[in-house]
Amino acid sequence: MGDKFQLIHDVSPGTTGWTVKVVVAEKFSPRVAQRSPTKYQNLTLMDSEGSTVQATLYGQNITAFQDELLLGKTYLISNALVKETNAEYKAKSGEIQWTISGRTRIRRVEENNSNLLISTYSFTDFEDLPKYMDSNVDISVIGMIIDIKPRRIIQTRFGKECQVQDLVLVNKRFDTVLLTMWETFVDNECKYICQNLRKKLILIGKHLKVTSFNGLSISTKADSSFFIDGEFELVEEFKSWGHTNSEIIDNMISEKHYLTSTPSKLSVPTAEKDFTEIKNIQGLKTAKQFFWIKGKASVKVLNQTYWYMSCNNCNKISSENYGDIYPCVFCKCTDAKAIPRAKVYMQLMDPTGYINATAIGNPAEYFLQSNAEILMNQTLIPTAASMRLSMDEDEIFYVKAITQELSTDCKFEILFIVNPSQIAGDKNTGKAPVEHIGEPIKFLEPTTKRSLFHSDTDDAQSSKKNVTSQRLRSRKKINEF
């Protein structure tokens, strides 16, 4: 990028007559300030030494500069307002920040500094994603976009409606992972991806997080940023790999039952100290916490409903008949399909105590050793002969604490169940990569696989009033499939 211009660290409040050559390393979506109605947009600018500074546009300047300062392009910038960052933001934004306005001089330079830019990325392999599950650690990934699901609307527990859309990424080992895009990323990146899906775009994402949503998936954060088909050697190499393996990839896309929705292994603790004793979470008040528990589970209340009819797109409860196509009032999908989904209320115990917990979808099917269709047609009170009702040996559970209505105590949902016999300990990490009780991403609707898309056990609970009539109607419907 040359040395005749100042570097970012040469510019401080009060510096005059400066010009810095920078590449736009990150460009975030415009946002509204928390404490005022002011709209702002942040950018990360990088100089030739890899030093960065946060630059901010406010109000009408966002629109005025929307065709300037393009992601990955190089510019000469001078006369930006330079000031010290507020103390509460220094850890994230750095000591100095720039404000870009109509007084700022910006000139495009035709240089390709992509290699400098990409050298600052540290990509997380799909196989390593489980290490960061529910930790909120920032990760970066690269993958080929091979599919995209329809946009859907979800409601937060505070009643706010949010739009989300899911992408399927594949790596060079043909592993797949789901990337959930939220809010403005749906309007911007997802819109472009939908229009160009056939091109098999290469996505580079930064500031993402790994969640236990949908089994295990990646999700955007407020400060996530993306390059889609960026001008990088790494991208060209990925495209070349895609061309060489186009037949395999096309088969994956057409068949729709992808190899796996997530890396096939979970990073499970092996040391006893890393497991949570149940006595320590009894009466827990703080939700959105996750725990590894070693113990047994059993059904104590036999007279419960072990399934509910759900929307295939969002898993919310449905009053429709099995197989019906209908407009879902929750996710706004116009061609949702009604499918049964397994669920079970059980008691989880270890030597220190017990908690009541719910398993929905695949973990419920694993515990019961049955599937949702069979459970839907079960009319008698279950017995040990028809499904598993208790565990003889300890197994490992990944449990989430969630908010409970009309109570200050949390309730618990089981997200994964792992058989200890699958564990092969890792002496270096203290964690064992094991095959998890996961399931493939599906855009077809197989009868025995479900996705763990939400932790809303209320959907399952409120389905009881529809159970009797649905069972009768569903039996007639099964013959049609």
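Helices (H or I, at least four residues) and strands (E, at least two) are DSSP runs, numbered from the N terminus. What you see is a predicted model, in which local features need pLDDT of at least 70 and side-chain atom pairs count only at pLDDT 80 or more, while totals for chains, interfaces and linings use all residues. Residues are numbered from 1 along each chain as its sequence is written, and side-chain values use heavy atoms, with hydrogens and water left out.

First, the overall picture. The secondary structure comes to ten helices and 23 strands. Of the 481 residues, 52% count as buried, where buried means under 20% relative accessible area, exposed over 50%, and partly exposed in between (1.4 Å probe, protein chains only).

How far can we trust the model? The mean pLDDT of the protein is 83, and 81% of its residues reach 70 or more; pLDDT is the predictor's confidence in each residue, from 0 to 100. Over residues 259-263 the pLDDT is below 50, and this stretch has 27 contacts beyond near neighbours in sequence. Residues 425-429 are also below 50, with four such contacts. Contact here means heavy atoms within 4.5 Å. Where pLDDT is low, the predicted coordinates should not be read in detail.

Is strand 22 enclosed or open? Eight of its eight residues are buried, so strand 22 is largely enclosed by the rest of the structure. Strand 22 pairs with strand 20 in the parallel sense over three bridges, and seven bridges join it to strand 21, antiparallel. Look at Glu 413 in strand 22: Thr 358 has it as bridge partner, and so does Lys 400.

Last, helix 5, residues 233-244. Helix 5 has twelve residues and reaches 17 Å from its first C-alpha to its last, close to the 16 Å expected at 1.5 Å a residue (1.5 Å times one less than the number of residues). Which residues of helix 5 are buried? They are Val 235, Phe 238, Trp 241 and Gly 242. These cover an arc of only 120° around the axis, which puts them on the same side of helix 5; the arc is that of the directions from the helix axis to the C-beta atoms. On the other side, Glu 233, His 243 and Thr 244 are exposed.

The buried residues of helix 5 pack against strands 9, 11 and 13 and helix 6. Strand 13 is mostly covered, with nine of its ten residues buried. Strand 13 pairs with strand 9 in the antiparallel sense over five bridges, and eight bridges join it to strand 14, also antiparallel.

Methods
Two strands pair if DSSP finds at least two bridges between them.
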